[in-house]
Each structure stands twice: as C-alpha cells, then as structure tokens.
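Here's a friendly walk through one model, a few spots at a time. Have a look at it first, then read on.

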Amino acid sequence: MPNSQTDKKTLAIMVLSSPHASAHAQTALAYCQSVLDAGHQIYRIFFYHEAAYLGNTANCAPQDEINLSDRWQQLIQKYDIDSVVCIASGLKRGMLDTTEAKRYEKTTASLSPCTELSGLGQWIDAVNQTDQHIIFGN
Amino acid sequence: MNLHIIHKSANTHQSAHNALHLIHQDDYIILIDDGIYNAISQTDISQAYLNTAKRCFLLNEHALARGIENTDKNFTHITMAEFVELSLIANNNISWY
Amino acid sequence: MKYLYLLRQAPYQSSLAREALDMVLATAAFDQHVQLLFINDGVFQLQKGQQADLLQQKNIEKTLQAFALYDINDVYCCSHSLQLRGLTTDNIDASAQVIDQAQCQALIQQADKVISL
C-alpha cells in the first residue's frame with residue numbers, strides 16, 4: 001500500500017469535458033488542487049474525449065473570463081504532474097505536438113509541451129497503480 | 001461504501017434519476033455542479049436520494065455559487081477538501097454526468 | 001484486478017459510447033478481468049440490426065463481436081433499462097446476460113475498479 005503510514009493516497013484522474021461544454025472541467029481542476037493541498041499524490045491525469053482541448057495552447061479567453069486550459073497547464077507545471085492527452089482524442093481535435101504536426105504537415109503544434117500524447121494504456125496503468133480513480137464527465 | 005457523484009440536474013438529465021437504480025443501501029452520494037439543484041427540499045428527487053443512500057452530501061461552494069439555500073436539511077454540506085477525503089475512502093467513485 | 005464498466009451511452013449521438021468501448025478493449029489488452037454492464041441508454045448498443053453505415057459510422061455491433069477475442073465473456077444488461085425502453089431479450093445481442101437490480105448492485109460491490117461512462 002503506497003503511503004499507508006501517512007494516510008496519503010495516490011490517484012488517477014480522468015477528465016472528459018472540454019473547457020466550455022460544461023463546468024465539470026473546472027470542478028475537476030478545483031478537485032485536483034484540493035487533492036494536492038491535502039498532500040495526496042496525483043499519479044496521472046488522463047484527458048480523454050472532449051477534454052483533449054484542455055491541452056490546447058491556442059485558445060484566448062476574454063479578459064474577464066478564466067482561461068481553463070491555461071489553468072490546467074499551470075497546475076500540471078507547478079506540481080510537475082504526469083499528464084496525458086489521449087492521442088486518438090487529441091489528433092481528431094487538432095491537438096498536435098511538434099512530432100505530430102510535422103507528420104500531418106500542419107504549420108504549428110497546438111498541444112502544450114507540459115502534457116503528452118499517448119494511448120489508453122497510460123490510463124489503465126494509472127488505474128492499476130493507484131489507490132483510487134475518479135472520472136469527471138462531460 | 002461506493003460514492004455516487006451526481007453532476008446534473010434531474011430536471012434536465014435522466015442520469016440523476018438513473019443513479020437511483022444502482023445506489024446500494026450502504027452507499028453515499030454527493031451532489032456537485034448542477035446536481036446541487038437535486039437537494040432542494042420537498043422535491044421528489046431529493047427525497048428519493050435520502051430514501052436510497054446511507055448518507056447524502058452536497059458540495060457547499062457549488063450551492064453557494066448558485067444561490068441555493070433551500071436544500072433539505074438531511075444533506076450534509078461539505079467543502080472540496082472534505083469531498084476529496086470522501087472520494088478517497090470510497091471503494092469506488094461512480095460518476096453520473 | 002477486476003474491472004466493471006458501466007456503459008450508459010446510446011451508440012451514435014456522441015463518440016463517448018465508442019470511446020468507452022475502446023477503453024474496455026485497452027483494459028482487456030492489459031490482461032485485466034473485464035466485466036461489462038450495459039445500462040440506461042447503453043442497452044441500445046446491444047440492439048440487433050444496426051446499420052450505422054447510414055450515418056457513415058462504424059457499427060458498434062462489430063465491436064461487441066470482438067469481445068470474445070479479447071476474453072471478455074462477462075457481458076451483462078440491466079433488465080430494468082430494457083423494460084423502460086420497450087426492449088426484450090429478443091431485441092438485443094445474445095451474448096448479453098440480462099440481470100436484475102440486485103445483481104447489478106452485486107456486480108458493483110464485487111468489482112475492484114468501477115468505471116462509469
């Protein structure tokens with residue numbers, strides 16, 4: 001049992017919602033911050049389905065609205081969290097890292113360098129390795 | 001104990017009702033996001049949750065954000081930090097969205 | 001590890017039903033014990049005679065047929081969900097075992113990891 005002596009737990013987190021389709025991506029972000037504040041460990045965040053858009057670096061929020069993709073990326077960087085955008089979800093939504101941008105002959109990479117494109121195996125591994133998993137829907 | 005996390009209003013989403021079928025008598029539920037509206041007192045859905053689950057919670061900050069004060073008194077208001085701890089002691093978290 | 005998937009989505013309105021099945025197959029490929037419970041509108045995934053090519057989509061029934069190849073043999077369907085939707089066992093894929101509410105709850109109690117999609 002990881003960290004059983006201190007009662008600290010490890011978590012796998014899946015997000016399904018885009019930044020704008022529902023409030024769930026924002027709720028998930030607040031949940032993650034609270035997990036970290038309590039000293040628990042996020043083993044991996046897996047962005048699946050519409051949540052692939054949370055890895056986008058190109059969206060520009062109006063000044064009086066929060067930029068949820070930026071907020072997620074800031075959290076991931078600040079705490080050095082392992083995060084994955086599902087490669088199948090990401091590619092069809094235009095979330096490309098430099099390698100994929102080159103492969104598909106697109107002019108720019110759109111995916112934040114703080115996250116990476118990978119497969120569903122990363123999610124299953126995370127669920128297997130952790131004390132708990134939680135899904136924030138769309 | 002499994003924790004059922006209910007995200008949607010029963011007024012617009014069947015998922016809020018569907019959860020009832022799978023809630024075991026030892027399970028807990030928590031209402032978050034628009035699920036908050038399901039805690040309003042004297043509604044059929046609030047009573048159905050209270051009659052089905054062992055304990056019912058709601059995320060206080062999401063109720064405050066929506067200006068909802070008339071929740072049934074049998075729903076326990078908790079913070080995000082308490083929701084995190086609840087989700088970690090559950091056998092499984094079952095999300096309804 | 002015993003995984004239970006709650007498959008709640010109708011097949012073609014959003015891509016989530018298909019993406020849930022992709023997750024199921026990935027789990028089986030990791031040599032985990034996988035159980036499936038089709039429930040709510042998810043029971044429509046089991047409907048016989050789908051012609052998804054009319055929507056230029058992949059037929060979800062084909063994926064169901066792949067389950068056996070992945071050693072996924074515990075496929076269940078909620079009887080209450082069928083009844084509410086005017087379906088009977090005659091309408092759905094024969095591989096699914098129809099179970100009642102108590103059996104659905106027991107599956108959840110006995111699973112190590114429950115994934116609700």
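## Where chains A and C touch

Two residues are in contact when their C-beta atoms, placed from the backbone, lie within 7 Å. By that rule, the contact takes nine residues from chain A and 12 residues from chain C. On chain A's side, α5 (121–129) and β5 (132–136) each supply at least two residues, and α5(A) gives the largest share, four residues. Helices (H or I, at least four residues) and strands (E, at least two) are DSSP runs, numbered from the N terminus.

Sorted by class, this side of chain A has five nonpolar, four polar and no charged residues. Here Ala, Val, Leu, Ile, Met, Phe, Trp, Tyr, Cys and Pro count as nonpolar, Asp, Glu, Lys and Arg as charged, and the others, Gly among them, as polar.

A word on the ground rules: this is a predicted model, where local features need pLDDT of at least 70 and side-chain atom pairs count only at pLDDT 80 or more, while totals for chains, interfaces and linings use all residues. Residues are numbered from 1 along each chain as its sequence is written, and chains are lettered from A and ligands numbered from 1 in the order in which they are written.

## Helix α1 of chain A and its partners

Axes are lines fitted to C-alpha atoms, for helices over the stretch in contact, and angles run from 0 to 180 degrees between N-to-C directions. Helix α1 (residues 24–37) of chain A and helix α4 (residues 80–89) of chain B have axes that come within 9 Å and cross at roughly 80°. They are therefore roughly perpendicular to each other (angles under 35 degrees count as roughly parallel, over 145 as roughly antiparallel, 65 to 115 as roughly perpendicular and the rest as oblique). Ala30(A), Tyr31(A), Ser34(A) and Val35(A) meet Met80(B), Ala81(B) and Val84(B) here.

Inside chain A, the axes of α1(A) and helix α2 (residues 68–78) come within 11 Å and cross at roughly 20°, so these two are roughly parallel. Among the residues of α1(A) that meet α2(A) are Leu29(A) and Cys32(A).

## A residue with positive phi

Glu105(A) isn't a glycine, yet its phi is positive, near 55°. You'll find Glu105(A) in the loop between α4 (98–103) and β4 (116–118) of chain A.
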